[in-house]
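Hi,

Here is the structure I said I would pass on. Have a look at it first, and then read on for what turned up.

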Amino acid sequence: MRTSADAGRGHRRAALVQSLLGDVFSGRMRAGDHLVTQDLADRFKVSHTPVREALIALAGMGIIDLVPNRGAVVRRVSRQEVREVCQVRRVLECEATRLACGRIALADLDALALELKRMVANRSPGPAVIPAARALDTRLHDLIADCCGNAFLAHEIGRLKTLFRAFRDVAWEHDEARNDYRRLAQESGEHLAIVAALRAGDARGAKRAMARHIRSGIQYWSRALPARPAESSGQAHPNGSTKRSRR
């Protein structure tokens, strides 16, 4: 039976994972950097246990390597890898969207549509809009996964969504730094098309709208994430290749 202590530790682990992913994808942590458990525990003011659990989770995502006698080492994450993860996301979420059609309460869809229309209509968005856009994005995608009727599919989406949202948040930080918020209105329009198709009971249309939304996100995230040296200058990786080695 899951206790409140277990839930609290799970939240701490998730917050650690999200924060460290943001550091990696924004370039604040670089390939080859070592992650020291004690340093992370001090930084986040937590015990060693959630730190170790977060590092294991990051290793499972392919973001760090747990190397014997060296600890946790940040891997090189390329734009190509971001695109590959997003391609997997497209397959999973498009199917979840198709299955969720007709299963989502109309009241929930109407409430989302109302807020998305307000977001689209905002002609002068600023930094304060980003948390609202993030919350709407999370709400729609979680609603679809929760209502798809396939527990295994929902679990797989849940397993990867931390990665998806780290890409999203770093990309939005990039826009905030440039005072460029055009993507927020564009993304809200894409979400609105998904909601409209779901509201109409159009499973094929909803699936197509989700596919367009994720393709657009792939292009945007790939541009916004910092280029790694091997990508920007053609320099070879330590293994002599400009492409990552398959693990």
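Before anything else, one term: "contact" (or "touching") here means heavy atoms within 4.5 Å. Also keep in mind that this is a predicted model.

First, the overall picture. The protein has 10 helices and 3 strands, and going along the sequence they come in the order α-β-α-α-β-β-α-α-α-α-α-α-α. It has 247 residues, of which 43% count as buried. If you take the contacts with a separation of 6 or more, 75% of them are between residues 24 or more positions apart.

Start with α5 (residues 106–121) against α8 (residues 182–199). Their axes are 9 Å apart and the packing angle is about 155 degrees. Angles over 145 degrees count as roughly antiparallel, and α5 and α8 therefore get that label. The crossing of the two is left-handed. On the α5 side the contact is made by L106, L109, D110, L112, A113, L116, K117, M119 and V120, and on the α8 side by L184, A185, S188, G189, H191, L192, V195, L198 and R199. Sorted by class, that contact has 12 nonpolar, 3 polar and 3 charged residues.

Then there is α6 (residues 129–146), which packs on α8 at an angle of about 30 degrees, with the axes 11 Å apart. The cut-off for roughly parallel is under 35 degrees, so α6 and α8 count as roughly parallel. The crossing is left-handed here too. From α6 the contact takes in V129, I130, A133, D137, L140, H141 and I144; from α8 it takes in L184, E187, H191, I194, V195 and L198. The classes come out as 9 nonpolar, 2 polar and 2 charged residues.

I157 lies in α7 and counts as buried, because its relative accessibility is 6% and the limit is under 20%. Which residues does I157 touch, not counting those up to four places away in sequence? They are L92, E93, A96, A145 and F164.

Is D169 buried or exposed? With a relative accessible area of 13%, D169 is buried. Leaving aside neighbours within four places in sequence, D169 is in contact with Q18 and R134. The C-alpha atom of D169 is 9.6 Å from that of F25, and those two are 144 residues apart along the chain.

A couple of loop residues as well. K45 sits in the loop between α2 (37–44) and α3 (48–61). Its phi is near 55 degrees, a positive value in a residue other than glycine. Most residues other than glycine have a negative phi, which is the reason I mention it. K45 counts as exposed, because its relative accessibility is 73% and the limit for exposed is over 50%.

A105 is in the loop between α4 (79–100) and α5. At 40% relative accessibility, A105 counts as partly exposed. The C-alpha atoms of A105 and L143 are 9.9 Å apart, and the two residues are 38 apart along the chain.

Last, the cysteines. How many disulfides are there? The count is 0, with a pair of cysteine sulfur atoms needing to be within 2.5 Å. C148 is in no disulfide, and the nearest cysteine sulfur, that of C147, is 8.3 Å away. C148 is buried, with a relative accessible area of 2%. C86 is buried as well, at 0%.

Cheers

Technical notes. Residues numbered from 1 in each chain as written. Predicted model: local features only at pLDDT ≥ 70, side-chain atom pairs only at ≥ 80, totals over all residues. Heavy atoms only, no water. Helix = DSSP H or I, 4+ residues; strand = E, 2+ residues; numbered from the N terminus. Buried < 20%, exposed > 50% of the residue type's maximum accessible area, 1.4 Å probe, protein only. Axes fitted to C-alpha atoms, helices over the stretch in contact; angles between N-to-C directions. Parallel < 35°, antiparallel > 145°, perpendicular 65-115°, else oblique. Left-handed = near helix turned anticlockwise from the far one by under 90°. Nonpolar A, V, L, I, M, F, W, Y, C, P; charged D, E, K, R; others polar.
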